[in-house]
Amino acid sequence: MYYTIENDYLTVQINDAGAELHSIVNKENGVEYLWQGNPDIWYGQSPVLFPFIGRLLDDKYRYNGKEYTMQKHGFARKRTFESVSCTGSEAVFVLRSDDTTRPSYPFEFELYVKFTLKGKTLQATHTVVNKTDGEMYFSLGGHPGFNCAIGDYLEFDQPETLDTETIDADSIRIAEKTPVLRGEKRITITEDIFNNDALILSGIRSKAVTLRSDKHDRAVRFTFGDVPFLGIWAKPGAPYVCIEPWCGVNDDRNVRTDVSEKEGIVRLPKGGVFDLVYTAEII
């Protein structure tokens with residue numbers, strides 16, 4: 001089911017399936033900014049990544065001596081969230097642990113996703129609440145896809161020197177890194193930039209990146225804050241780009257005896273609350 005929020009500037013739709021953004025329309029000119037999904041290219045639009053990001057080695061992890069199986073990017077994107085509220089310019093959804101999540105993820109949790117409109121800015125707040133009687137381990141990420149064309153570019157707020165981590169055909173990270181920026185701001189979307197899958201960036205000094213084009217004056221300023229990883233991805237040559245703030249990352253091929261040893265894993269104490277917030281401002 002789709003839910004709509006709006007203000008004087010924007011109309012936004014959210015699907016309760018995965019609490020996934022479905023549409024961001026500028027009321028002034030009717031322009032749709034969010035990728036609309038195409039099963040022949042990429043069926044998704046803006047999946048919520050939880051409780052893991054990317055692929056686990058052999059799609060498995062261990063916790064307290066027991067082995068569990070988890071699909072790529074976790075199960076949240078495949079679940080229907082409960083609508084908590086949807087009034088005016090704000091909507092809130094929640095996913096709670098239950099008998100369908102525990103076989104693959106033995107933690108008690110609540111995952112809230114809140115969308116709020118403030119002027120021409122959409123804020124997405126993802127909140128994990130640990131209901132487990134003990135520490136909880138997870139990763140959390142956003143994955144919104146924005147319409148763009150080949151030749152458009154992403155511009156960081158300040159010059160960056162960044163390498164991308166490399167992943168293999170199984171979406172597992174390998175040691176090799178490839179230079180992306182050397183004291184520059186722009187990453188241009190080319191036909192082949194994603195031939196080796198996503199760019200996985202870390203150590204970013206900027207707190208935001210802006211999607212721009214030389215063909216028109218429309219832009220989206222995307223604020224990701226202090227996340228440890230930023231994924232940038234699309235199917236090669238496709239007319240969209242995903243800007244993905246990640247608190248967590250794909251597995252590498254080092255075998256770990258417990259999920260607590262996983263790189264980038266978030267540790268949340270009993271009763272703890274963790275937030276991931278990003279904003280998309282229509283310029």
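Tutor: Let us begin with a single side chain, bearing in mind that this is a predicted model. Trp42 has a relative accessibility of 10%, and because the cut-off for buried is under 20%, Trp42 counts as buried.

Student: Is Trp233 buried or exposed?

Tutor: Trp233 comes out at 12% relative accessibility, so Trp233 counts as buried.

Student: What kind of aromatic pair do Trp42 and Trp233 form?

Tutor: For any such pair one reads the distance between ring centres and the angle between ring planes, with angles over 60 degrees counting as edge-to-face. Here the centres of Trp42 and Trp233 are 5.2 Å apart and the planes stand at 85°, which is edge-to-face. Trp42 belongs to the loop between strand E3 (20-26) and strand E4 (60-63), whereas Trp233 belongs to strand E18 (residues 229-233), so the pair ties together parts that are 191 residues apart in sequence.

Student: How many aromatic pairs does the structure hold, and which residues form one aromatic cluster?

Tutor: The structure holds 23 aromatic pairs. One aromatic cluster includes Phe50, Tyr105, Phe75 and Phe274. Over the face of Phe75 lies Arg79, at 5.1 Å from the ring centre, and in another case the charged end of Arg186 sits over the ring of Tyr153, 3.9 Å from its centre.

Student: How should I read the nonpolar core?

Tutor: In soluble globular proteins, nonpolar side chains tend to be buried together. In this model the largest nonpolar core has 78 residues, and those with the most contacts inside it are Phe50, Tyr105, Leu111 and Phe156. Apart from that core lies another, of 7 residues, among them Ile53, Ile167, Trp246 and Val249. Leaving out residues up to four places away in sequence, Phe156 touches residues including Leu162, Leu181, Ile204, Phe224 and Leu230, as well as Lys185 and Ser206.

Student: In what order do the strands of the open sheet run, and which strands stand at its edges?

Tutor: The order is E1-E2-E3, with antiparallel pairing among these 3 strands. Strand E1 (2-6) and E3 are the edge strands, each having a single partner strand, so one side of each is left without a neighbour in the sheet. Direction ignored, neighbouring strands of this sheet are turned by 20° against each other on average. E1 pairs with strand E2 (residues 10-15) in the antiparallel sense over 5 bridges, and Thr4 stands opposite Gln13 in E2.

Terms used: Residues numbered from 1 in each chain as written. Predicted model: local features only at pLDDT ≥ 70, side-chain atom pairs only at ≥ 80, totals over all residues. Heavy atoms only, no water. Core = buried A, V, L, I, M, F, W, Y, C linked by side-chain atoms within 4.5 Å. Buried < 20%, exposed > 50% of the residue type's maximum accessible area, 1.4 Å probe, protein only. Contact = heavy atoms within 4.5 Å. Phe/Tyr/Trp six-rings, centres within 6.5 Å; stacked < 30°, edge-to-face > 60°. Helix = DSSP H or I, 4+ residues; strand = E, 2+ residues; numbered from the N terminus. Lys NZ or Arg CZ within 6 Å of the ring centre and 35° of its normal. Pairing = 2+ DSSP bridges. Axes fitted to C-alpha atoms, helices over the stretch in contact; angles between N-to-C directions.
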